[in-house]
Amino acid sequence: MAEPIITFKNVSKTYILYKNDQARFKALFFKPKNPKTNKALNDVSFEIYRGESVGIVGDNGAGKSTLLKMITGVAFPDCGDITVNGKVAALLELTAGFSMEMTGRENIYLKGYILGLEDEYIKKIEESIIEFAELGDYIDQPVRTYSSGMKMRLGFAINVNIEPDVLVVDEALAVGDASFKRKCKNKIKDIIAAGTTVLYVSHNASSVKEICPRSIFLKKGTIIFDGPTEETLKVYEAAKQKK
Amino acid sequence: MFVCRKHSFCDYFSHSANINGQGGIPLFTIFNEHKGFGKQIFLLAKNELIKTYKGAVIGPLWAVVKPAFTIFVYWFAFSCGIKTLKAVNINLGGLEPFSTDFFTFMFIGIIPWFFIQDSITQGAKTLRTNRQFITKVKFPVSTILTYTGLSRLFVHLFLIAIMYVYVIFKVGVSWYNLQFFFYCPLMFMFFLALSWSTAPMSAFSKDFESLVVSIMSGVFWLSGIMYDSYGFEGPLKYVMLFNPINFFVNGYRNCFLYNRPFFEYKTELLIFLAEFLVIFFLGIFNYNRLRKKLPDVL
């Protein structure tokens with residue numbers, strides 16, 4: 001196959017749990033001795049290729065969010081290498097990361113610049129974003145005046161219209177009313193059909209099966225199984241039953 | 001590739017993760033984060049100003065009213081209350097001491113102080129108050145410090161404009177006024193570099209933030225704003241040179257009051273430049289050290 005678009009190589013991430021604020025203060029200057037830690041990811045390695053759709057399943061606290069945060073570039077690993085070759089759009093927390101005083105339009109540009117897009121390109125996709133978000137004249141109002149539904153719509157519209165190379169989707173995504181939800185689902189399906197790499201996080205086995213041919217099962221920060229979704233889900237179910 | 005040591009921080013200073021071209025040579029992390037983001041920084045700075053002053057009836061005028069009141073209070077206390085302070089004699093190393101009235105002396109010194117005070121206390125808090133850009137989305141984090149600093153600089157320039165009107169009538173125009181364009185950018189850079197250290201550390205530990213704020217409440221009286229920092233005898237005279245705030249306060253007076261070139265007092269200039277280098281590299285070091293831990297602690 002072609003070159004992988006996402007590579008995780010022996011990635012580990014440990015959260016340090018400070019005993020109290022004093023310990024935290026001390027950690028600014030000295031390495032803490034034997035701190036309590038929580039290993040969110042433990043020696044995780046995998047490769048995802050262009051055009052693949054991969055599901056990530058696991059219970060709460062399995063490290064799914066940490067993994068996604070690393071792919072989107074918000075969090076960083078302690079050790080190991082992560083390579084992401086392309087634009088990442090994350091449908092995780094849609095209302096986050098807006099500058100409240102800026103208008104919707106200005107926020108489109110802000111987001112675009114963060115993703116490393118050029119003025120010209122943003123200008124091209126601007127109208128389709130506004131149209132998709134159904135914001136109308138509100139696009140030139142400060143984002144703080146938006147309702148939470150409008151913010152979500154704008155967040156969603158920006159992320160899906162930048163023609164991402166990787167789309168990260170959390171199944172528990174809330175985007176407002178039923179008709180817009182349908183529109184979003186269709187848009188995601190279009191993106192998948194267009195051959196974008198998709199990472200799909202879910203607790204729901206059937207929806208993973210529907211979208212992703214391949215799945216990764218995470219448990220306590222370790223990859224238990226990585227393979228065809230059918231088999232992964234079997235292992236996942238078995239692990240659930242054991243509990 | 002490097003091997004993860006057991007129970008380790010996996011190397012405190014590692015920059016192994018290479019996501020979308022971030023990382024690279026640690027020295028240039030901050031520089032790279034700013035590259036191509038200039039227009040956005042200005043836009044965000046503008047919005048920072050709107051955020052500060054919106055919803056108030058006189059809006060941006062508060063940027064003047066607050067310092068004006070502070071100046072009035074100090075002038076009242078020192079010139080009317082403690083009646084001895086009407087004129088200040090400054091020893092600039094010349095034959096005759098330079099003499100001026102207290103209000104002019106204080107006015108020119110306190111304007112940079114307002115900027116310095118805000119830069120240090122607000123600068124330390126900035127990452128905590130803008131955490132949505134750190135924990136939720138990928139963002140060039142060091143630019144947060146730049147755009148908030150820039151919004152303070154706008155206010156500073158506004159105050160300088162007002163002060164300059166006073167200077168024109170009271171002291172007169174001089175070529176030395178142009179030295180402002182040396183001191184002001186230098187001041188901006190110095191306190192920006194300082195915030196590369198203080199802001200991530202304050203985000204990490206609230207105690208550090210409180211420490212900075214507490215120290216700042218006293219630093220005013222340790223700096224030569226109400227008095228002449230050159231006016232000490234013996235070793236204290238040299239100790240005062242190590243306070244970078246004095247460098248700027250005296251620098252602004254060089255521009256607008258003393259009409260003295262910035263390189264005349266070489267010891268002061270050299271000590272400051274040495275401190276600037278230390279703060280600059282310490283800032284880069286601290287920022288790189290803590291940058292990747294910020295999303296975890298905020």
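I began with a strand pair: β3 (residues 53-57) and β7 (residues 197-201) of chain A run parallel and share four bridges. Strands here are DSSP runs of E with at least two residues, helices are runs of H or I with at least four, and both are numbered from the N terminus. Two strands pair if DSSP finds at least two bridges between them.

The model is predicted: local features need pLDDT of at least 70, side-chain atom pairs count only at pLDDT 80 or more, and totals for chains, interfaces and linings use all residues. Residues are numbered from 1 along each chain as its sequence is written, while chains are lettered from A and ligands numbered from 1 in the order in which they are written.

**Entry: the sheet in chain A**

I looked up what faces Gly55(A). In β7(A), Tyr200(A) stands opposite Gly55(A). In β8(A), Ser215(A) stands opposite Gly55(A). I then checked how β3(A) meets β8 (residues 214-219) of chain A. The two run parallel, joined by four bridges.

In which order do the six strands of the open sheet lie? The order is β5-β6-β7-β3-β8-β9 in chain A, and the pairing is mixed. The edge strands are β5 (88-91) and β9 (222-228) of chain A, each pairing on one side only. From one strand to the next, the twist averages 15 degrees. Angles here run from 0 to 180 degrees between N-to-C directions, and axes are lines fitted to C-alpha atoms, for helices over the stretch in contact.

I noted the pair at one end. β8(A) and β9(A) run antiparallel and are joined by six bridges. Leu218(A) of this pair stands opposite Ile223(A) in β9(A). The hairpin of β8(A) and β9(A) has two residues between the strands, and Lys220(A) takes a positive phi near 45 degrees there.

I looked up Asp43(A). Asp43(A) is not a glycine, yet its phi is positive, about 50 degrees. Asp43(A) is found in strand β2 (residues 36-49) of chain A.

I found another case in chain B. Asn259(B) also has a positive phi of about 50 degrees and is not a glycine. Asn259(B) lies in the loop between α10 (244-258) and α11 (266-291) of chain B. With 16 other C-beta atoms within 10 Å, Asn259(B) is partly exposed.

**Entry: chain B and its helices**

Chain B has 12 helices and three strands. Of its 298 residues, 35% are buried.

I looked at α7 (residues 180-204) of chain B against α10(B). They pack at an angle of about 160 degrees, with their axes 9 Å apart. That makes α7(B) roughly antiparallel to α10(B), since angles over 145 degrees count as such, under 35 as roughly parallel, 65 to 115 as roughly perpendicular and the rest as oblique. The crossing of α7(B) and α10(B) is left-handed, a label for a near helix turned anticlockwise from the far one by less than a right angle, with clockwise giving right-handed. On the α7(B) side, the residues in contact include Phe180(B) and Tyr183(B); on the α10(B) side they include Pro244(B) and Phe248(B). Residues are in contact if their C-beta atoms, placed from the backbone, lie within 7 Å. By class, this contact has eight nonpolar, one polar and no charged residues. Nonpolar covers Ala, Val, Leu, Ile, Met, Phe, Trp, Tyr, Cys and Pro; charged covers Asp, Glu, Lys and Arg; the others, Gly among them, are polar.

I turned to α11(B). α7(B) and α11(B) pack at an angle of about 35 degrees, with axes 8 Å apart. Their crossing is left-handed. Among the residues of this contact are Trp196(B) of α7(B) and Tyr287(B) of α11(B). The contact divides into 14 nonpolar, three polar and one charged.

**Entry: where the chains touch**

I ended at the interface. In it, 30 residues of chain A are in contact with 34 residues of chain B. β4(A) gives the largest share of the chain A side, five residues. By class, that side has 15 nonpolar, six polar and nine charged residues.

Terms used
A residue is buried if 20 or more other C-beta atoms lie within 10 Å of its own, exposed if 12 or fewer, and partly exposed in between; C-beta atoms are placed from the backbone. Two residues are in contact if their C-beta atoms, placed from the backbone, lie within 7 Å.
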